[in-house]
Every structure is written in structure tokens, then in C-alpha cells.
Amino acid sequence: VQLQASGGGLVQAGGSLRLSCAASGRTFSSYNVGWFRQAPGKEREAVAAITRSGFSEYYKDAVKGRFTLSRDNAKNTVYLQMNSLKPEDTAVYYCAADLSYIGPSGRYEYWGQGTQVTVSS
């Protein structure tokens, strides 16, 4: 599976962005997908994940209520809707996929290249 993350950009605080994680391959619906982010000078951290059946988990209290995961298996795409963005959300966001694992660690087998999200104050 090849993953392509997109949708990042520059937005003012309070704004919204929708990130997409598009996958090649017809079996994407079998994969759990996670989103991670890495801010400059900081370690990568898990943000959220969605199971193959569409159940979402959010790993950071700071994004709960603001970020929403969804997936469209017909389009081989997972979406991360980010609302009420804050400067501290600034990071490179990565998506990752795995047939069996789902969780906050980096154990996913496949990774996308990342998309930059910058939130100005």
C-alpha cells in the first residue's frame, strides 16, 4: 500500500483544514489508519486512528472535540477534519496504515510522506 497525505497548508488560528490520506490498492478497506504529527524539535506523536470499520480513537486530549476522522473506502481515502486550529497544532502530519495494528505507537507498516500544517496566531 502506498499512502499520500495531502491537504495541509497555512491557516489562521480558529480555522479549519481537512487532511486526506489516499491509498493505492484495492484492499485499503482492510487497513487501520493512524495519523501522527511531528512539530519542529519535538518527537512524533500519535493524534488519532480509525479502524477498517470506521471506529475512531483519539490519542490526544488536546484534539478531542476539534479533530474528526472519517474514511471513504470506495475512494481509498481517510480524512482528518481539523477545526478550531491552534498554533500548537502546527506540525507535519503523517498517515500510516496497517492490516492488524491500531494504536498510538509507530508500529504501522506503511507510512505516507507527510503534509505540513501551519497555524498562525
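Guide: Let us begin with Ser 56, which lies in strand S6 (residues 56-58). Please keep in mind that this is a predicted model.

Visitor: Is Ser 56 buried or exposed?

Guide: The test is the relative accessible area, and buried means under 20%. Ser 56 has a relative accessible area of 19%, so it counts as buried.

Visitor: Which residues is Ser 56 in contact with, leaving aside its neighbours within four places in sequence?

Guide: Ser 56 is in contact with Ala 49, Ile 50 and Leu 69.

Visitor: How does strand S6 pair with S5?

Guide: The strands S5 and S6 run antiparallel and are joined by three bridges. In that pairing, Ala 49 stands opposite Glu 57 in S6. The hairpin of S5 and S6 has five residues between the strands, and Gly 54 takes a positive phi near 100° there.

Visitor: What joins S5 to S4?

Guide: Five bridges pair S4 with S5 in the antiparallel sense. Val 33 stands opposite Ile 50 in S5. This hairpin, of S4 and S5, has six residues between the strands, with Gly 41 at a positive phi near 75°.

Visitor: Why is S5 described as largely enclosed by the rest of the structure?

Guide: The description follows from burial: S5 is largely enclosed because five of its six residues are buried.

Visitor: How should I read the nonpolar core?

Guide: In soluble globular proteins, nonpolar side chains tend to be buried together. Here the largest nonpolar core has 28 residues. Those with the most contacts inside this core are Val 33, Trp 35, Phe 67, Val 78, Leu 80, Met 82 and Tyr 93. Among the elements that give two or more residues to the core are strand S1 (3-6), strand S3 (17-23), strand S4 (32-38) and strand S5 (45-50). A second, separate core of six residues includes Ala 46, Ala 49, Ala 96 and Tyr 101.

Visitor: Which residues does Tyr 93 touch, not counting those up to four places away in sequence?

Guide: Tyr 93 touches residues that include Ala 5, Leu 19, Trp 35, Phe 67, Leu 80 and Met 82. Thr 115 and Val 117 are also among the residues that Tyr 93 touches.

Visitor: Which residues form the covered face of strand S11?

Guide: In strand S11 (residues 115-120), the covered face consists of Thr 115, Val 117 and Val 119. The uncovered face holds Gln 116, Thr 118 and Ser 120.

Visitor: Which strands pair with S11?

Guide: Strand S2 (residues 9-12) runs parallel to S11, with four bridges between them, and Gly 9 stands opposite Val 117. Strand S9 (residues 91-98) pairs with S11 in the antiparallel sense over three bridges, where Val 92 has Gln 116 as its bridge partner.

Visitor: How many disulfides does a search of the whole structure find?

Guide: A disulfide is a covalent bond between the sulfur atoms of two cysteines. The search finds one disulfide. Cys 21 is joined to Cys 95, with an S to S distance of 2.2 Å. The pair links distant parts of the chain, 74 residues apart, with Cys 21 in strand S3 and Cys 95 in strand S9. Both cysteines, Cys 21 and Cys 95, are buried.

Visitor: Is this disulfide right-handed or left-handed?

Guide: The torsion about the S-S bond of Cys 21 and Cys 95 is about 75°, so the disulfide is right-handed.

How values were computed:
Residues numbered from 1 in each chain as written. Predicted model: local features only at pLDDT ≥ 70, side-chain atom pairs only at ≥ 80, totals over all residues. Heavy atoms only, no water. Buried < 20%, exposed > 50% of the residue type's maximum accessible area, 1.4 Å probe, protein only. Pairing = 2+ DSSP bridges. Core = buried A, V, L, I, M, F, W, Y, C linked by side-chain atoms within 4.5 Å. Contact = heavy atoms within 4.5 Å. Disulfide = S-S within 2.5 Å.
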